[in-house]
Structures are given as C-alpha cells and as structure tokens.
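Subject: Structure handover

Hello,

Here is the structure I promised you. Please open it alongside this note.

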Amino acid sequence: HLCLDLEGKGALTLPYQTMFTREFRNGKDETIEPGKTFTLEIKSLAHGFRGTGDGSYWTEPGEYKLAAKLKTVSPQSSHSRKMAVLTTDPVSLKVVPPKPASGE
C-alpha cells in the first residue's frame with residue numbers, strides 16, 4: 001500500500017474510511033530490476049490500505065515537501081515472499097493561489 005508524507009505550514013492529513021468490496025483485487029505484478037525505475041501515477045493525495053487510510057491536503061499557498069513510501073512484497077523464491085518498502089526522496093512543491101477570474 002502507498003503512504004504519503006506531506007509537510008509544510010498548511011499541510012493537513014486526516015484519517016478517513018471508504019467503502020470497499022469484500023473481493024480483494026490485486027494489482028498487476030511488476031518486477032523492478034536493479035538500477036531500473038518504475039513510475040506509479042498518483043492522481044490524489046489519498047493513501048492507505050483497503051478501506052482505511054488518510055487524505056493529505058494543503059490548506060494554503062506555500063512551500064511543501066511530499067515523500068512516498070510503497071509497502072509491497074518482494075518474491076524471494078516460489079514459496080516465500082518478504083515485505084519490501086520502497087521510499088522516495090521528498091519532492092518540493094509550491095502551491096500558488098488561484099488566479100482571479102477575468103474581469104475582477
């Protein structure tokens with residue numbers, strides 16, 4: 001599962017619960033070879049695991065840092081799997097106020 005860490009003066013992370021099916025849906029297995037990269041598109045700052053998680057928000061314009069941690073399994077052999085944690089360096093973000101509508 002994906003965990004996000006948003007830091008900054010207006011950063012806010014709140015727990016929430018969402019509906020989910022009883023059916024457990026696995027994603028597609030990906031193998032990342034040493035020295036290679038894998039891109040995971042993040043469309044919102046919702047994170048956590050299966051029905052429980054957190055939502056992170058910036059509440060005001062300013063400078064923020066966002067880091068991600070992906071907890072997954074690392075296949076060690078055909079009979080055993082070991083947890084793996086992949087982490088990113090923090091990325092700097094600048095949130096700017098919306099531009100006023102024309103005519104204002």
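Below is what was found in it.

The model is predicted, so local features need pLDDT of at least 70 and side-chain atom pairs count only at pLDDT 80 or more, while totals for chains, interfaces and linings use all residues. Residues are numbered from 1 along each chain as its sequence is written, and side-chain values use heavy atoms, with hydrogens and water left out.

Overall fold
The protein chain has 0 helices and 7 strands. Its order along the sequence is β-β-β-β-β-β-β. Helices (H or I, at least four residues) and strands (E, at least two) are DSSP runs, numbered from the N terminus. Of the contacts with a separation of 6 or more, 71% join residues 24 or more positions apart. Contact means heavy atoms within 4.5 Å.

Surface and burial
The accessible surface is about 8,900 Å². Carbon and sulfur atoms own 54% of that surface. Areas come from the Shrake-Rupley method with a 1.4 Å probe; for residues, only the protein chains shown count as cover. Of the 104 residues, 15% are buried. Buried means under 20% relative accessible area, exposed over 50%, and partly exposed in between (1.4 Å probe, protein chains only).

The core
The largest nonpolar core has 8 residues: L2, L4, L6, L45, Y64, L66, A68 and V95. Strands β1 (2-8) and β5 (62-75) each give two or more residues to this core. Such a core is a set of buried Ala, Val, Leu, Ile, Met, Phe, Trp, Tyr and Cys residues joined through side-chain atoms within 4.5 Å. Beyond four places in sequence, A68 touches L2, C3, L4, L86, T87 and T88.

H47
H47 sits in strand β3. This histidine counts as buried because its relative accessibility is 7%. Its side chain has a polar atom 3.2 Å from the backbone nitrogen of L4. The H47 side chain also makes a polar contact with the side chain of S56, at 3.0 Å. A polar contact is a pair of N or O atoms within 3.5 Å; within protein, one must be able to donate a hydrogen and the other to accept it, and residues adjacent in sequence count only if both atoms are side-chain atoms. Leaving aside neighbours within four places in sequence, the residues in contact with H47 include T13, Y16 and D54.

I42
I42 lies in the loop between β2 (11-17) and β3 (46-49). I42 is partly exposed, because its relative accessible area is 41%.

Best wishes
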